[in-house]
Amino acid sequence: MLEIKNLTASIEDKTILNGIDLVVPDGEIHAIMGPNGAGKSTLSYVLSGREGYEVTGGSVLFNGQDLLAMEPEARAAAGVFLAFQYPIELPGVGNANFIRTAVNAVRKARGEAEMDTVAFLKEARAAIKRLSMPEDMLKRNVNVGFSGGEKKRNEILQMALLQPSLALLDETDSGLDIDALRIVADGVNAARGPNFSALVITHYQRLLDHIVPDRVHVLAGGRIVRSGGPDLALELEAHGYAGLEAA
Amino acid sequence: MSDLAFLDRVDLASVMEHPHRRAALDAFRTAGFPNRRDEAWHFTDLKARMRDFDWTPPGDQAALMLPDLSLPCAVLRDGVWDAASSRPAPFMSRLVRNEVLPAGANSLVALNVALGQDGVDIALRDAEVGGTVMVVAQARANAQPITPRYRVVLGAGASLTLIEVAQGSGAYVHDPVWDITLGTGARLEHYRLQDDSVQSVHVATVFVTMAEGAHYNGFTLATGASLARSEFHVALTGAHGDVQLNAAQLLTGRQHGDVTTVIAHRAPHCSSRQTVKSVIDGMARGVFQGRIEVDRIAQKTDGYQMNQALLLSPDAEIDSKPELEIFADDVKCSHGATIGALDPEQIFYLRSRGIDEAQGRAMLIRAFLTEALEPIGESVARPIFEAAIDEWWRRAAL
Amino acid sequence: MAAITETRETIDRLAESGYQYGFETAIDMDFAPKGLNEDIVRLISAKKQEPEWLLEWRLKAYRAWLTMADPAWARIMHPRIDYQDLHYYAAPRAPAPKSLDEVDPALLEMYEKLGIPLNERASLAGVAVDAVFDSVSVATTFRDSLAQVGVIFCSISEAVREHPELVRKYLGSVVPAGDNYYAALNSAVFSDGSFVYIPKGVRCPMELSTYFRINARNTGQFERTLIIAEAGASVSYLEGCTAPMRDENQLHAAVVELVAHDEASIKYSTVQNWYPGDADGKGGIYNFVTKRGACRGAKSKISWTQVETGSAITWKYPSCILQGEGSSGSFYSVALTNHRQQADTGTKMIHLAPNTTSTIVSKGISAGHSNNTYRGLVRIMPKARNARNFTQCDSLLIGDQCGAHTVPYIECRNQSAKVEHEATTSKIADDQLFYCRSRGLSEEDSVGLLVNGFCREVLKELPMEFAVEAQKLLAVSLEGSVG
């Protein structure tokens with residue numbers, strides 16, 4: 001369970017998050033919507049521990065642990081996964097090697113046995129098939145020369161193999177055509193279960209047609225200004241974000 | 001101590017007998033080892049290094065292992081043809097030295113001509129397919145410079161893959177010179193591993209002259225020597241020539257590594273491609289100087305040069321001087337340089353996937369090195385290049 | 001009204017009124033005999049009624065100069081300069097043209113194209129109007145309004161008299177007297193130049209401008225400019241240069257020093273269109289200039305912008321010493337060479353402190369038989385943690401008899417630094433040219449348009465009036481290079 005209490009954060013002395021309160025129980029998928037500049041990406045980076053974001057107040061508990069005190073890799077080991085809005089290219093680093101190293105680092109941190117190459121490749125190929133991705137995705141260098149859609153699918157592939165208990169999907173729908181969107185959504189839906197929760201951060205409602213959230217929150221001016229059921233997303237789609245900052 | 005004091009120990013009687021060699025010795029004595037005042041040696045002060053060089057005479061030294069690649073090979077030990085170890089292809093032989101010092105050559109080439117020693121002669125007839133061969137230069141501590149010469153002549157349409165390995169132990173100065181002439185449409189793949197002893201000084205000069213439609217693909221991996229310089233002079237003298245000149249240097253401790261290239265486009269429609277990567281750790285210093293020259297007649301030249309450096313420690317240094325000298329108007333020439341540490345964004349990406357910082361850094365550095373080996377593809381020589389990287393990696397303790 | 005226009009009109013007014021505001025030394029038309037020795041240095045200092053310390057400083061520079069050799073590393077060629085064959089203080093008036101009728105029509109045509117007013121053209125062409133601008137700064141018109149906010153803008157000779165403590169503190173503090181051959185020469189014999197002092201927290205209310213001129217025959221020009229911006233101050237300074245057509249090569253060896261304290265900002269813009277010599281390379285100015293700024297204070301900023309189209313030879317590297325934490329330097333340059341012109345120009349960015357940033361954008365255009373070299377140094381010292389540099393050097397060749405060269409030196413001694421360098425060399429694409437011509441532009445106009453586009457990133461850094469003049473200048477300078 002993710003519990004965010006009165007979280008404030010800033011970049012270079014500029015306050016971006018202004019007191020966020022949010023609880024995501026196990027097994028639930030919550031959507032965070034909001035206009036550009038509302039602090040959506042900042043929230044995902046603060047939760048995953050990227051440098052350059054200063055937490056100025058509040059707390060974040062993940063399954064009772066103080067998430068903010070943990071290093072980025074410890075958060076990953078604890079089960080937090082960030083699907084990047086702009087996945088990073090790693091020239092020269094093979095995708096299979098990268099994901100296997102990550103899977104084993106996480107397994108090791110959890111006290112589990114490491115996976116050998118054969119077992120890993122078997123699982124990775126199965127995941128690739130499930131996600132209707134091209135087989136050569138594993139052979140290429142991480143995100144290098146990938147199209148926008150391929151990068152996003154690669155994030156979902158990593159998610160499938162790392163099996164997180166909390167996924168943060170940062171604008172994963174941006175730049176995707178409808179087929180890719182469906183593949184990404186299928187990947188998230190496949191992970192759904194009592195031990196998986198997710199924060200789906202998006203500007204548009206269309207991703208939520210495919211990943212139906214349990215709750216929708218509207219982020220504006222660095223705080224959550226409205227919360228509701230899936231219908232809230234439709235309402236926002238119809239009326240836009242205008243006026244929400246004032247709410 | 002004078003940087004030229006070693007000449008007192010050299011038997012110069014045989015040098016004096018040959019007018020060419022005597023002239024070269026005079027040229028070397030006059031110029032001395034190059035130093036910072038020489039613009040081409042702005043970042044590499046060889047003279048200063050040679051002043052306190054430890055010219056250890058050879059003593060009891062462990063035998064060196066030869067790389068085992070089951071290829072035709074020529075072996076030089078301390079600059080002398082080793083008939084027992086060599087298994088040359090029919091087109092390879094011991095070189096008879098009698099070359100003239102080319103005008104404008106630097107003092108290291110002069111030293112090479114003056115002191116002579118053996119060399120390897122590789123000559124392919126027109127259209128001859130040479131396959132893959134190897135040249136190994138092994139050296140051990142030596143009180144005199146080791147000055148071998150290599151002559152490679154490929155006839156029209158001939159092709160060859162040449163693997164060159166320099167390795168050794170102890171303190172010595174290795175001053176090899178290569179003369180490579182490629183006939184019309186000839187193709188040479190030249191993969192060089194400079195793994196000389198970390199007490200040594202390695203200063204190689206490679207001249208390549210290319211006729212119409214010739215192709216030269218040179219790749220140098222430099223991991224050895226206390227001071228190393230690989231200097232290339234490539235002349236594209238016929239139209240539609242194509243040169244790739246790539247290098248990677250890995251430096252740690254107090255190593256000084258220098259890759260210097262001059263690519264002269266003297267004919268139209270030629271292309272040159274260059275990527276030079278430096279990974280610098282410890283208190284090491286890396287240098288890259290690259291010049292693309294385009295003559296007035298060399299229209300439609302396509303020249304590209306990229307220099308990337310990765311600094312891994314607070315005391316590491318890189319100096320870079322990529323130059324363009326262009327006299328033709330219808331050309332496309334560019335160079336780029338990027339210098340820095342590992343990208344924090346990449347490290348964060350790895351950490352967000354559960355890989356800790358130390359492991360993440362190691363992955364990224366290995367990736368940089370793996371990419372550096374791209375020019376040699378899946379060559380049979382790849383394992384020895386990878387082994388040299390592993391060895392360097394252990395030395396750098398990354 | 002913009003300062004630059006006002007300056008021009010002031011010059012016109014001064015010219016018409018017989019230069020009644022000139023400095024006494026200029027009115028007297030003192031001159032020294034040809035040649036350089038300690039007595040000449042003493043004479044210059046005495047004529048300017050300088051204090052003892054400045055004379056000593058000059059003499060020290062002179063003695064240093066004697067031990068130095070002129071730099072040989074640049075890609076420029078010229079006959080040896082006979083330094084004993086020059087006048088080092090003003091000059092006897094050369095027989096000047098009596099009227100515009102005697103001036104080369106090509107020169108007049110160029111002035112017309114640049115939109116220079118008629119009476120201005122006469123003075124530019126060296127016609128004997130009664131204004132003498134040699135070696136004397138005239139841009140002191142706005143002193144009164146500037147004085148109200150505490151800004152000092154005067155000639156450096158006057159500053160030596162009125163503000164000796166400031167001059168003594170800063171003169172030679174960025175470019176030491178013995179820095180290089182030409183700087184040493186300048187330090188020994190500098191004639192005049194501008195002095196600017198912006199007090200703490202003051203934004204200079206107008207752009208300051210000086211038009212330099214070289215009128216007399218065989219007069220070496222040795223301007224000395226010193227600009228100091230105290231903490232939080234800011235100033236934009238414009239330097240324009242025009243010289244009449246003369247047969248002899250004329251030497252110009254100026255020194256410009258800039259000092260920026262905490263959070264101060266200095267923007268220095270130059271449009272240099274001194275006489276480049278004729279199409280065969282006869283005549284023209286040798287422009288051997290040392291310009292350097294010190295970002296002494298935290299978060300200080302120095303920006304150099306230059307459009308260099310003139311001079312037979314340009315040897316010039318406006319540089320930034322980034323000493324203050326978080327300080328930044330930039331260099332935006334257009335250098336155009338045509339006919340037999342030679343330019344070897346660029347910058348040095350020396351990063352000494354953490355978080356310093358520098359930007360270099362250089363556009364070189366070579367035409368005719370000219371040679372154009374970008375030469376630049378980026379040096380990151382060990383303490384310059386997180387230093388950043390970005391360099392972009394683009395060269396354009398017009399015609400196949402010219403040369404374009406790029407010689408960057410990059411020295412990095414801090415692993416957290418990030419240095420990026422990109423350079424390209426190309427010609428104007430045939431399809432671009434065709435596109436313009438198919439829309440009705442002449443080939444020459446098309447080239448002018450495309451060259452201006454090529455230089456856009458630099459030209460936009462110039463103050464508006466300068467940008468317009470610079471654009472015209474580029475087009476004019478390219479004439480005869482096409483077809």
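Author: Let us begin with a term: a salt bridge is a side-chain nitrogen of Lys or Arg within 4 Å of a carboxyl oxygen of Asp or Glu. Please keep in mind throughout that this is a predicted model.

Reader: What is the N to O distance at which the side chains of B:Arg351 and A:Glu73 meet?

Author: The cut-off for a salt bridge is 4 Å between a side-chain nitrogen and a carboxyl oxygen. The side chains of B:Arg351 and A:Glu73 form such a salt bridge, with an N to O distance of 2.6 Å.

Reader: Which element gives the largest share of the side of chain A that touches chain B?

Author: Between chain A and chain B there are 10 residue pairs in polar contact. On the side of chain A, the elements giving two or more residues include helix H1 (40-48), helix H2 (72-78) and helix H3 (95-109). The largest share is six residues, and the element that provides it is H3(A).

Reader: How much area do chain A and chain B bury between them?

Author: The contact draws 33 residues from chain A and 17 residues from chain B. Carbon and sulfur atoms account for 64% of the buried area, and the total is about 2,000 Å².

Reader: How many salt bridges does the rule find across the interface of chain B and chain C?

Author: This contact takes 35 residues from chain B and 31 residues from chain C. One salt bridge joins the side chains of C:Lys427 and B:Asp330, at 3.8 Å from N to O. Across the interface of chain B and chain C, the number of salt bridges found is three.

Reader: Which strand gives the largest share of the side of chain B that touches chain C?

Author: Across the interface of chain B and chain C, 18 residue pairs are in polar contact. Two elements of chain B give two or more residues to this side, strand S19 (317-326) and strand S20 (332-340). The largest share, 10 residues, belongs to S19(B).

Reader: Within chain C, at roughly what angle do the axes of helix H4 and helix H10 cross?

Author: Helix H4 covers residues 52-66 of chain C, and helix H10 covers residues 181-189 of chain C. H4(C) passes H10(C) in a left-handed crossing. Their contact involves, among others, C:Trp57 and C:Trp65 of H4(C) and C:Leu185 of H10(C). The axes come within 7 Å, and the angle at which they cross is roughly 145°.

Definitions and conventions:
Residues are numbered from 1 along each chain as its sequence is written. Chains are lettered from A and ligands numbered from 1 in the order in which they are written. This is a predicted model: local features need pLDDT of at least 70, side-chain atom pairs count only at pLDDT 80 or more; totals for chains, interfaces and linings use all residues. Side-chain values use heavy atoms; hydrogens and water are left out. Axes are lines fitted to C-alpha atoms, for helices over the stretch in contact, and angles run from 0 to 180 degrees between N-to-C directions. Helices (H or I, at least four residues) and strands (E, at least two) are DSSP runs, numbered from the N terminus. A crossing is left-handed if the near helix is turned anticlockwise from the far one by less than a right angle, and right-handed if clockwise. Contact means heavy atoms within 4.5 Å. Buried area is the accessible area (1.4 Å probe) that two parts lose on being put together, summed over both. A polar contact is a pair of N or O atoms within 3.5 Å; within protein, one must be able to donate a hydrogen and the other to accept it, and residues adjacent in sequence count only if both atoms are side-chain atoms.
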